[in-house]
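Welcome! Here is a friendly briefing to read alongside the sequence and the 3D view. Take a look at both, then follow the points below.

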Amino acid sequence: MAHNGAPGAPFLCSFCGKSQDQVRRLIAGPHGYCICDECVGVCNELAAEDDDPGAAGAGDPPRPREIHRFLDRFVVGQEAAKRTLSVAVYNHYKRVRARGPVSGRSGDRDGGVELGKSNVLLIGPTGCGKTLLARSLARLLDVPFAIVDATALTEAGYVGEDVENILLALIRAAGHDLRRAETGIVYIDEIDKIARKGAGPSTTRDVSGEGVQQALLKILEGTVAGVPAEGGRKHPHQEVLRIDTTDVLFIAGGAFAGLEEIIGRRAGVRAIGFGTPARPVPVPPADADPLAGVMPADLVEYGMIGELVGRLPVVSAVRPLDRDALVRILTEPRDALIRQYQRLLELDGVELEFTPDAVGAIAEQALLRRTGARAARAILEELLLTVMYEVPGREDVTRVVIDRAAVLGNVNPTLIPRGRSGLGEEAREEPREESA
Ligand SMILES: Nc1ncnc2c1ncn2[C@@H]1O[C@H](COP(=O)(O)OP(=O)(O)OP(=O)(O)O)[C@@H](O)[C@H]1O
Ligand SMILES: [Zn+2]
């Protein structure tokens, strides 16, 4: 290591040996050691790699079982989707590693075998964990994650956003580090809303969804895309970022309302087709998920173009959340909704307590709204509005108890003052009609 001891001698970087006039900046440390700006940069990169174990390159990708276990910490139920995603993600990052870094790649082949991408299509009702699954995967792998809405996209030439803007969202999520962006995950929400016009029950778009689907093909498959650095439309004077999407994992999600009927009809047609079937068509059990048996042809009939379906080879379904699942979502995950509000009130020095039947009542009310766990948040928000309004500044209140009656809106939550410990009926606040 160069040591800057000799008087009069030029200062040198102790790491690379360059002198002050060969670098932009030379920083002197104690005992005559120095470091130049270039070496600081290298050190930063090394440090970033160290605390970035999931990113492409270092180490083995987590095994499907580990991925599943990690997802369990954040997502309640949806076991089928977790299994499928665990395998798809494991295979995806295994392929990425088998090929090596994008920059040093000779071609897309590995020992002559084409390692195709396994982008994922997640179907199922709204608010049941599709986005959460994708987000949790990105968290596990420590890769950049972007959510984009398919309804905002248009094919080139129409008013709206070019599909390349999907990648801009990813680049931003990667802190404008293109190499890192190339290892990320993109969740494309509402993919069902770009179904072809005239097909499927949900055709609300004016601009042909088919064009958008076409435009998505290349990006999903893997291409070097040009992304306008400022977003919006491409124009000649704009800086264009080049990003290779070969290693980007795309997860598309959509509710596909009405798909059950298409699946059912297909299954039914086969059963009552010409002649009597030689063997009876197996009837799925009554409680089976109707979406679980989805075939590519069903998605095409729904209005997705075949090529796009082909580029989303891994398909899985999330199920509607039942009362039980909603109760667990409210209470179990690390950042469960009820825990969030408890923490919030803790900051005011107040303990927030829900009786078990109160949690059940919240779940039941949420079921009625048919927006999955999203409804639970809305209900809690409405329920706790009075509490969150009243409690700050009320030095006398130490505990708030929410029971079933409070959830059902018959009475206000019980505010328990200092010195009292039980659920005193006399402490219950009367529903108030505040005069302004
Ligand atoms: N299975 C689940 N486990 C835990 N929390 C869930 C689950 N499903 C939904 N949630 C909660 O509800 C919120 C909304 O869910 P999410 O965004 O995953 O819905 P989605 O299925 O992607 O719906 P959409 O297609 O409308 O975006 C999540 O942020 C999460 O808090
Ligand atoms: Zn140096």
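In which loop is A336 found? A336 sits in the loop that runs between α11 (323–331) and α12 (337–346). Please keep in mind throughout that this is a predicted model. The chain has 436 residues, of which 36% are buried, and the fold contains 15 helices and 14 strands.

- A336 counts as partly exposed, because 17 C-beta neighbours lie inside 10 Å.
- Once neighbours within four places in sequence are set aside, A336 is in contact with I329, L330 and T331.
- A336 and V75 are 261 residues apart along the chain, and their C-alpha atoms are separated by 10.0 Å.
- For the chain as a whole, take the contacts with a separation of 6 or more: 64% of them join residues 24 or more positions apart.

**The surroundings of ligand 1**

- Ligand 1 is surrounded by 19 residues, and the closest are T126, G129, K130, T131 and A373.
- Sorted by class, this shell around ligand 1 holds 8 nonpolar, 8 polar and 3 charged residues.
- Helices α4 and α14 each supply at least two residues of the shell around ligand 1, and α4 gives the most, with 3 residues.
- Domain 2 (64–103 + 115–276 + 287–317) and domain 3 (323–427) each contribute at least three residues to the shell around ligand 1.

- An unreviewed UniProt entry carries the annotation "binding site" for P125, T126, G127, C128, G129, K130, T131 and L132.
- Where does T126 lie? T126 belongs to the loop between β5 (120–123) and α4 (130–141).
- T126 is buried, because 20 other C-beta atoms lie within 10 Å.
- Not counting residues up to four places away in sequence, T126 touches A255, T371 and G372.
- L132, another of the annotated residues, lies in helix α4.
- L132 counts as buried because it has 20 C-beta neighbours inside 10 Å.
- With neighbours within four places in sequence left aside, L132 is in contact with F74 and V75.

**The nonpolar cores**

- The largest nonpolar core has 107 residues, and the members that touch the most others are L170, I185, V186, L326, I362 and A376.
- Helix α14 (residues 373–390) provides the largest share of this core, 8 residues.
- Why does this core lie between domain 2 and domain 3? Domain 2 (64–103 + 115–276 + 287–317) and domain 3 (323–427) both give residues to the core, so it lies between them.
- I185 touches A134, L137, A138, V143, F145, L249 and I251, leaving out residues up to four places away in sequence.
- Another core lies apart from the largest one; this other core has 5 residues, among them L12, C13, L26 and C36.

**Four annotated cysteines**

- A "binding site" annotation, from an unreviewed UniProt entry, also covers C13, C16, C36 and C39.
- These four residues span 27 residues in sequence, yet no two of their C-alpha atoms are more than 8.4 Å apart, so they gather at one spot.
- C16 lies in the segment before β1 (26–28), while C39 lies in helix α1 (residues 37–50).
- Is C16 buried or partly exposed? C16 counts as partly exposed, because 14 C-beta neighbours lie inside 10 Å.
- C39 is partly exposed too, with 18 other C-beta atoms within 10 Å.
- Leaving aside neighbours within four places in sequence, C16 is in contact with C36, E38 and C39.
- C39, with residues up to four places away not counted, touches C13, F15 and C16.

Notes
Residues numbered from 1 in each chain as written. Chains lettered and ligands numbered in written order. Predicted model: local features only at pLDDT ≥ 70, side-chain atom pairs only at ≥ 80, totals over all residues. UniProt positions renumbered as here; feature names shortened; annotations may be inferred. Helix = DSSP H or I, 4+ residues; strand = E, 2+ residues; numbered from the N terminus. Buried ≥ 20, exposed ≤ 12 C-beta atoms within 10 Å, placed from the backbone. Contact = placed C-beta atoms within 7 Å. Core = buried A, V, L, I, M, F, W, Y, C linked by C-beta atoms within 7 Å. Domains from an automatic or database assignment. Near = placed C-beta within 6 Å. Nonpolar A, V, L, I, M, F, W, Y, C, P; charged D, E, K, R; others polar.
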